[in-house]
Amino acid sequence: MEILDPKRSGSKTKLGLELPTDPRWAHVASMELEEILTDHAYCEQKAASACISLIQHYPEKAEMVNEVAPVVTEEWGHFRLVLAEIQKRGLRLGRQRKDEYVNKLLAFSKKSDNREERLIENLLTCALIEARSCERFRILSLEIEDEKLRDFYHHFMVSEAGHYKMFLRLAKLYGGDEKVSRRWQEYLDFEAEMVRALPLRGDRMH
Ligand SMILES: [Fe+2]
Ligand SMILES: [Fe+2]
């Protein structure tokens with residue numbers, strides 16, 4: 001199911017995102033619980049594998065390795081929590097879908113020959129996915145009718161907010177505050193346009 005809201009304002013979210021999600025999305029998502037939980041489950045898997053990949057590609061970045069390593073465990077724990085919620089509700093884990101949001105972001109990130117620059121792009125991409133996920137979890141935690149689900153989503157909101165800050169901090173650590181802040185704004189602007197253009201679907205986290 002799609003909802004479109006031409007009145008979605010351009011005011012920033014608490015996380016600094018340029019375009020807030022339509023709060024009515026939570027209602028639509030709650031109507032497609034099996035699909036939204038399935039999509040969420042795979043988002044958590046992808047978050048875990050993105051962290052593993054960062055460690056594999058940049059083992060010499062000791063501070064990043066130390067910060068990201070426990071997040072692998074945390075994201076996998078998130079996947080298991082979502083899986084348990086699916087099963088508890090007598091629902092089924094469906095198949096993984098094509099992730100348009102993430103694919104478009106990856107296409108936007110610069111494919112530099114310089115691995116240091118690629119690291120910054122990777123960290124900013126991770127930061128943005130965490131920020132948007134966190135924003136969506138917040139809406140679910142506030143708007144969804146089922147009280148247990150509200151608590152469930154609140155837990156993810158808090159956790160992903162921490163990851164968002166971690167990735168942005170690491171990007172600044174390795175790329176420099178000023179340069180990374182400029183690039184981050186480009187990411188935010190691109191993401192806002194992308195979110196505006198993507199149909200807001202009840203069966204998708206993004
Ligand atoms: Fe997570
Ligand atoms: Fe996360």
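Ala127 touches Tyr164, Phe167, Leu168 and Ala171, leaving aside residues up to four places away in sequence; a contact here means that the C-beta atoms of two residues, placed from the backbone, lie within 7 Å. Before going further, please note that this is a predicted model, in which local features need pLDDT of at least 70, side-chain atom pairs count only at pLDDT 80 or more, and totals for chains, interfaces and linings use all residues. Residues are numbered from 1 along each chain as its sequence is written, while chains are lettered from A and ligands numbered from 1 in the order in which they are written.

**Ala127 and its helix**

Ala127 sits in helix H5. Helices (DSSP runs of H or I, at least four residues) and strands (E, at least two) are numbered from the N terminus. Ala127 counts as buried because it has 23 C-beta neighbours inside 10 Å; the cut-offs are 20 or more other C-beta atoms within 10 Å for buried, 12 or fewer for exposed, and partly exposed in between.

How many residues of H5 are buried? The count is 21 of the 29, so H5 is largely enclosed by the rest of the structure.

Two packed helices are described by the angle between their axes and the distance between the axes.

| Helix pair | Axes come within | Crossing angle |
|---|---|---|
| H3 (residues 62–88) and H6 (residues 147–175) | 11 Å | roughly 160° |

The axes are lines fitted to C-alpha atoms over the stretch in contact, with angles from 0 to 180 degrees between N-to-C directions. H3 and H6 are therefore roughly antiparallel to each other, a label for angles over 145 degrees. Residues of H3 that include Met64, Val71 and His78 meet residues of H6, among them Phe152, Phe156 and Leu170.

**The whole chain**

The protein chain has seven helices and two strands, in the order β-α-α-α-α-α-α-α-β from the N terminus on. Its radius of gyration is 17 Å, close to the 17 Å that the globule rule gives for 206 residues, so the chain is as compact as a globular protein of that length. The radius is taken over C-alpha atoms, and the rule is 2.2 Å times the number of residues to the power 0.38. Buried residues make up 31% of the 206 residues.

Definitions and conventions. Parallel < 35°, antiparallel > 145°, perpendicular 65-115°, else oblique.
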